[in-house]
Every structure is written in structure tokens, then in C-alpha cells.
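Reader: Could you take me on a close look at one part of this structure, the nonpolar core, and at what lies around it? I would enjoy a connected account.

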Amino acid sequence: SQQSQSGNYSQQSQSGNDSQQSQSGNNSQQSQSGNYSKQTSSGDNNKLESIGNYNIIAGIGINNKAKGKKGNWITLAEWEWSEKENNYIPICVKSIKIDGKKIKEDTWYILENKKFKEVE
């Protein structure tokens, strides 16, 4: 299946395998339970969650957070306010595999100071 959404404060849910989910609105939530799927968000202040296996989650907007199961991958971006540009600019993008040790499953993460940080 394929799902796309561009509004703010929206919610998306998907449960099929080999699926793709994309979202560009702000303050939204995405949940996905299928296997071998891809989930992306370019909006700001969004939450991305994957409870399936072998999935990739990418939250590249400002203040995105992600969580998933062991074996999934998460990608997050960190942004910083620039007085010179009078806007936020990206300063770091990182990907990491949820291994259950360094990066725990079912735990929310953000990217802060160029490192993955647990949050509630």
C-alpha cells in the first residue's frame, strides 16, 4: 500500500507489508505495523512509530521523534536557528539501527547535539 498526507495535525496508520507512508504536515503522528516498509516525514514536530519488522523510519523535519522495534532503522535530522539566515538550518542527519542495547526498541528518540537522545 501507499499513503501520502500533507495536512497539519493529522494521523496516519498503516498495517500492510512492503508499504510506503509519506507525510509533510506539521504536528502529526504516523504509525505503521507492516513489515519491510518505509515511513517518512518532512513536517515539523512529528512522531513516527513503527511496530513492524525490518522497517525504515525517517523524520527529517524540525523536532521529529521516532521509535520502533529491534531491527528497524531510524533516521532523524537536527536543525538550528540561524540569525544570519533568519530561519532554521539543518546541522546533522543521522541513521541508526535499533539494536535493543545502544538504541532501545519502543523508546522515543530525537537527535540532539548530533546524538540520538531518549525522550518521553
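**A look at the nonpolar core**

Author: Happy to. The largest nonpolar core has 12 residues: Leu48, Ile57, Ala66, Ile74, Leu76, Cys92, Ile96, Ile98, Ile103, Tyr109, Leu111 and Phe116. At least two residues of this core come from each of β9 (73-82), β10 (87-97) and β11 (108-112). Please keep in mind that this is a predicted model. In soluble globular proteins, nonpolar side chains tend to be buried together.

Let us step back to the setting. The protein chain has 12 strands and 0 helices, and 41% of its 120 residues count as buried. Among its contacts with a separation of 6 or more, 15% join residues 24 or more positions apart.

Beyond its neighbours within four places in sequence, isoleucine 103 is in contact with Ile96, Lys97, Ile98, Tyr109 and Phe116.

Asparagine 64 counts as buried because its relative accessibility is 2%, below the 20% cut-off. Its contacts, leaving aside neighbours within four places in sequence, include Leu48, Leu76 and Tyr109, along with Ser41, Asp44 and Ile110. The side chain of asparagine 64 also reaches the backbone nitrogen of glycine 61, at 3.4 Å.

Note on methods. Residues numbered from 1 in each chain as written. Predicted model: local features only at pLDDT ≥ 70, side-chain atom pairs only at ≥ 80, totals over all residues. Heavy atoms only, no water. Core = buried A, V, L, I, M, F, W, Y, C linked by side-chain atoms within 4.5 Å. Buried < 20%, exposed > 50% of the residue type's maximum accessible area, 1.4 Å probe, protein only. Helix = DSSP H or I, 4+ residues; strand = E, 2+ residues; numbered from the N terminus. Contact = heavy atoms within 4.5 Å. Polar contact = N/O pair within 3.5 Å; in protein donor to acceptor, adjacent residues only side chain to side chain.
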